[in-house]
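This report describes a protein–DNA model, beginning with the protein surface along the DNA strands and then turning to the chains themselves.

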Number of protein chains: 2
Amino acid sequence: MAASTKLRKDAALNRARIVEVAETYLESGRQLQLNDIAREAGVGVATVYRHFPTPEALLEHLARPRMEELEAAGLVALESGDLWRGLEGFLRLGLQAQLADPALAAVLAAPEHADARTVELVASLNSIAMRLVARVKAEGYLVEGLEGADLFPLMCGVAYAARLGLAADPHDAGLADRFLDALLLGVRVR
Amino acid sequence: MAASTKLRKDAALNRARIVEVAETYLESGRQLQLNDIAREAGVGVATVYRHFPTPEALLEHLARPRMEELEAAGLVALESGDLWRGLEGFLRLGLQAQLADPALAAVLAAPEHADARTVELVASLNSIAMRLVARVKAEGYLVEGLEGADLFPLMCGVAYAARLGLAADPHDAGLADRFLDALLLGVRVR
DNA sequence: CGTCTTAGCGGATAGAGAATCCGCTTATGC
DNA sequence: GCATAAGCGGATTCTCTATCCGCTAAGACG
């Protein structure tokens with residue numbers, strides 16, 4: 001991207017190291033403590049703060065690839081011939097992405113976003129969900145009374161429920177699918 | 001309760017003041033910062049820490065009445081002649097309680113609990129939900145494939161979704177009911 | 001009512017973590 | 001090579017958490 005082209009070579013390397021360390025932090029469930037990350041990445045504290053002024057900014061950076069994937073999948077779903085399948089696939093991907101990537105879930109839950117691109121992506125995802133709902137509704141697949149803006153938060157809620165459920169029983173492999181099925185059943189006309 | 005009887009009169013007053021201030025903190029969405037609460041309640045820091053060793057302990061204390069209400073409602077639902085209505089009422093109350101009381105939602109989301117009584121209450125709520133599910137299932141009301149332990153996290157997920165949705169549009173009065181309807185529709189056999 | 005015991009108090013202070021500032025280093029364009 | 005400014009580091013400051021300990025007064029008892 002344009003922004004990284006403007007970075008000096010060594011700065012880009014430092015940035016990459018920071019991101020790498022931050023990923024291991026997320027994977028092991030630790031908070032993104034910028035001072036600690038700096039030490040572990042072998043750079044000065046200021047270097048981390050220069051690239052990512054707050055932990056949230058770093059978190060949003062880590063979540064970005066997944067958000068872009070989800071956006072792309074959503075746009076494909078909108079083009080799909082079988083709209084209901086498209087919607088289902090979008091929701092399934094959104095759920096799995098949130099379970100696989102703690103950063104994504106955290107970013108979607110936050111009321112505000114540090115980074116302009118993230119704001120854009122969240123808005124885009126919401127808009128995709130709304131358009132999917134509108135079109136699926138127009139074809140009569142959707143239960144009465146459901147609003148277009150309802151689906152995206154509901155999906156996040158199911159992801160949240162799945163995290164809770166998995167915390168209680170980490171071995172329950174089918175849990176996420178059961179929860180998603182409940183959501184789909186709850187919004188689809190039969 | 002027995003514990004409060006053993007408190008000296010002035011200590012009980014201080015405790016009440018602390019709790020009162022803490023409630024205003026929650027209502028205005030601030031974090032429970034024990035030092036600040038102490039200052040505002042006009043007591044020493046140590047006094048707060050003596051009553052509530054951690055912010056979580058204080059949070060759990062604040063959430064307790066709501067949890068006990070919910071437990072009581074659940075036990076009534078279990079006795080109810082119309083089991084499905086009982087289940088529905090239990091879920092509705094659980095949802096509304098979480099929306100009304102941020103402390104409750106936070107406590108239910110936490111993986112661990114500071115206070116033994118809270119552990120007990122959470123376990124009891126889970127068990128009530130499981131028994132409700134088991135009995136409703138036995139009567140053939142519930143969709144195939146749903147586990148007994150699924151319902152409680154799903155309810156919390158719906159509450160989470162409702163909070164997200166309300167953050168986006170605080171004026172949407174019917175939102176929580178729509179979300180709950182989606183959940184009920186998603187788990188009930190038709 | 002006086003006195004004794006000890007539960008309970010407060011706030012100074014130690015400790016942990018976040019974020020900034022500023023003098024130095026080094027990549028890069030010419 | 002040299003100039004320049006982008007980038008660096010980590011000491012330092014600031015904020016918030018939590019403990020420690022000498023003191024106060026509640027309330028039991030005669």
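## Surface near DNA strand C

α4(B) is the largest contributor to the surface near DNA strand C, giving 4 residues. Helices (H or I, at least four residues) and strands (E, at least two) are DSSP runs, numbered from the N terminus. The model is a predicted one, in which local features need pLDDT of at least 70 and side-chain atom pairs count only at pLDDT 80 or more, while totals for chains, interfaces and linings use all residues. Residues are numbered from 1 along each chain as its sequence is written, and chains are lettered from A and ligands numbered from 1 in the order in which they are written.

DNA strand C is surrounded by 22 residues, of which Lys9(A), Ala46(A), Ala11(B), Gly44(B) and Ala46(B) are the closest. A residue is near a strand if its C-beta atom, placed from the backbone, lies within 6 Å of it. At least two residues each come from α2, α3 (34–41) and α4 of chain A and from α2 and α4 of chain B. By class, the surface near DNA strand C has 10 nonpolar, 6 polar and 6 charged residues. Here Ala, Val, Leu, Ile, Met, Phe, Trp, Tyr, Cys and Pro count as nonpolar, Asp, Glu, Lys and Arg as charged, and the others, Gly among them, as polar.

## Surface near DNA strand D

Around DNA strand D there are 21 residues, the closest being Val43(A), Gly44(A), Ala46(A), Lys9(B) and Ala46(B). Two or more residues come from each of α2 (9–27) and α4 (45–51) of chain A, and α2 (9–27), α3 (34–41) and α4 (45–51) of chain B. α4(A) gives the most to this surface, with 4 residues. The surface near DNA strand D divides into 9 nonpolar, 6 polar and 6 charged residues.

## Chain A and a helix pair

Chain A has 10 helices and 0 strands. Its C-alpha atoms fill a box of roughly 60 × 40 × 25 Å along the principal axes.

Helix α6 (residues 83–100) of chain A packs against helix α10 (residues 175–187) of chain A at an angle of about 140 degrees, with axes 11 Å apart. Axes are lines fitted to C-alpha atoms, for helices over the stretch in contact, and angles run from 0 to 180 degrees between N-to-C directions. α6(A) is therefore oblique to α10(A) (angles under 35 degrees count as roughly parallel, over 145 as roughly antiparallel, 65 to 115 as roughly perpendicular and the rest as oblique). From α6(A), the contact uses Glu88(A), Leu91(A), Arg92(A), Leu95(A) and Leu99(A), and from α10(A), Ala176(A), Leu180(A) and Leu184(A). Two residues are in contact if their C-beta atoms, placed from the backbone, lie within 7 Å. This contact has 6 nonpolar, no polar and 2 charged residues.

## Chain A against chain B

Chain A superposes on chain B by a rotation of 180 degrees with 0.0 Å of shift along the axis, at RMSD 0.1 Å. The two copies are thus related as by a two-fold rotation axis. Superposition is by least squares on the C-alpha atoms of residues with pLDDT of at least 70 in both copies. Gly186(A) comes closest to the axis among the residues of chain A, at 1.8 Å (C-alpha).

The contact between the chains takes 27 residues from chain A and 27 residues from chain B. On the chain A side, α9 (151–168) and α10 give two or more residues, and α9(A) gives the most, with 11 residues. That side has 18 nonpolar, 4 polar and 5 charged residues. The copies meet through the same surface, because 100% of the interface residues of chain A are also interface residues in chain B.
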